[in-house]
Amino acid sequence: MAIRGELFTTQVTLDKRNYFFNVKENRNGDVFLQIVESKIKDGEDDRRAIVVFAEDMKKFFGGMDESLKFIEKEEKERAKIRAEKKAAKEAKFGAQGEDGAEPAKKIYRRKGESRLVAEKRAAKKDTRIHIVSKRKPSDSEEY
């Protein structure tokens with residue numbers, strides 16, 4: 001047995017966090033999994049750990065598996081909704097770009113103006129609207 005009852009350890013690094021999966025054995029001979037999350041927060045090492053005993057691992061990982069399935073299903077549904085929205089937008093405004101079709105006319109809204117009002121205004125004029133900022137540029141900025 002290794003130091004502190006460790007039988008096996010593996011580390012996974014994601015972004016600014018490290019996850020340690022430690023399989024340990026206590027003095028009574030019980031085997032358990034310790035999952036430790038470690039991250040640096042405000043210059044200090046912030047560590048949090050959970051412990052799952054061997055007899056509970058099937059239920060624990062069953063719950064994790066259900067959660068992963070839900071996340072995958074949810075992602076597929078969100079991707080489907082995004083694709084439907086994109087198709088509806090292309091149907092309404094026409095496809096843009098590659099097939100040689102004319103790109104949809106851009107409509108710029110004025111501050112505080114609703115989309116409907118902007119569309120009506122743009123339909124009356126057959127030109128694009130360019131909004132110029134009233135803010136004066138500083139000396140370092142150029143026009």
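The model is predicted: local features need pLDDT of at least 70, side-chain atom pairs count only at pLDDT 80 or more, and totals for chains, interfaces and linings use all residues. Residues are numbered from 1 along each chain as its sequence is written, and side-chain values use heavy atoms, with hydrogens and water left out. The chain has 2 helices and 4 strands, in the order β-β-β-β-α-α from the N terminus. Helices (H or I, at least four residues) and strands (E, at least two) are DSSP runs, numbered from the N terminus.

**Overall burial and surface**

- Of the 143 residues of the chain, 14% count as buried; buried means under 20% relative accessible area, exposed over 50%, and partly exposed in between (1.4 Å probe, protein chains only).
- The accessible surface of the chain comes to about 13000 Å², and 53% of this surface belongs to carbon and sulfur atoms. Areas come from the Shrake-Rupley method with a 1.4 Å probe, and for residues only the protein chains shown count as cover.
- Among contacts (heavy atoms within 4.5 Å) between residues at least 6 apart in sequence, 7% join residues at least 24 apart.
- Leu 7, Phe 8 and Val 31 make a nonpolar surface patch of about 270 Å². Patches are made of residues with over 30% relative accessible area and no salt bridge, where like charges are joined within 9 Å and nonpolar side chains (Val, Leu, Ile, Met, Phe, Trp, Tyr) within 5 Å.

**Buried glutamates in the strands**

- Glu 6, in strand β1 (residues 6-14), is buried at a relative accessible area of 18%. The side chain of Glu 6 makes a polar contact with the side chain of Thr 9 (3.5 Å). A polar contact is a pair of N or O atoms within 3.5 Å; within protein, one must be able to donate a hydrogen and the other to accept it, and residues adjacent in sequence count only if both atoms are side-chain atoms.
- Leaving aside neighbours within four places in sequence, Glu 6 is in contact with Val 23 and Lys 24.
- Glu 37, in strand β3, also counts as buried, at 18% relative accessibility. The side chain of Glu 37 makes a polar contact with that of Tyr 19 (3.4 Å).
- When residues up to four places away in sequence are not counted, Glu 37 touches Arg 17, Asn 18, Tyr 19, Asp 46, Arg 47 and Arg 48.

**Salt bridges**

- The structure holds 4 salt bridges, each defined as a side-chain nitrogen of Lys or Arg within 4 Å of a carboxyl oxygen of Asp or Glu.
- One of them joins Asp 46 and Arg 48, with the closest N and O atoms 3.7 Å apart. Asp 46 is buried at 19% relative accessibility, whereas Arg 48 is exposed at 53%.
- Asp 65 and Lys 69 form a salt bridge with a closest N and O separation of 3.5 Å. Both residues lie in helix α1 (residues 57-93), 4 residues apart, about one turn of the helix. Asp 65 is partly exposed at 37%, and Lys 69 is exposed at 53%.
- Arg 78 and Glu 74 meet in a salt bridge (3.7 Å, N to O), and being 4 residues apart in helix α1 they are separated by about one helical turn. Arg 78 is partly exposed at 47%, as is Glu 74 at 25%.

**The two sides of helix α2**

- The buried residues of helix α2 (residues 115-124) are Ala 118, Arg 121 and Ala 122. They lie on the same side of α2 because they cover an arc of only 100 degrees around the axis, taken from the directions from the helix axis to the C-beta atoms.
- On the other side of α2, Leu 116, Lys 120, Ala 123 and Lys 124 are exposed.
- Ala 122 has a relative accessible area of 5%. Ala 122 and Arg 109 are 13 residues apart in sequence and 9.4 Å apart in space, C-alpha to C-alpha.

**Positive phi in the loops**

- Most residues other than glycine have a negative phi.
- Asp 15 has a positive phi, near 50 degrees; Asp 15 is placed in the loop between β1 and β2 (17-25) and is exposed at 82% relative accessibility.
- Asp 42 has a positive phi of about 55 degrees; Asp 42 lies in the loop between β3 and β4 (44-53) and is exposed, with a relative accessible area of 75%.
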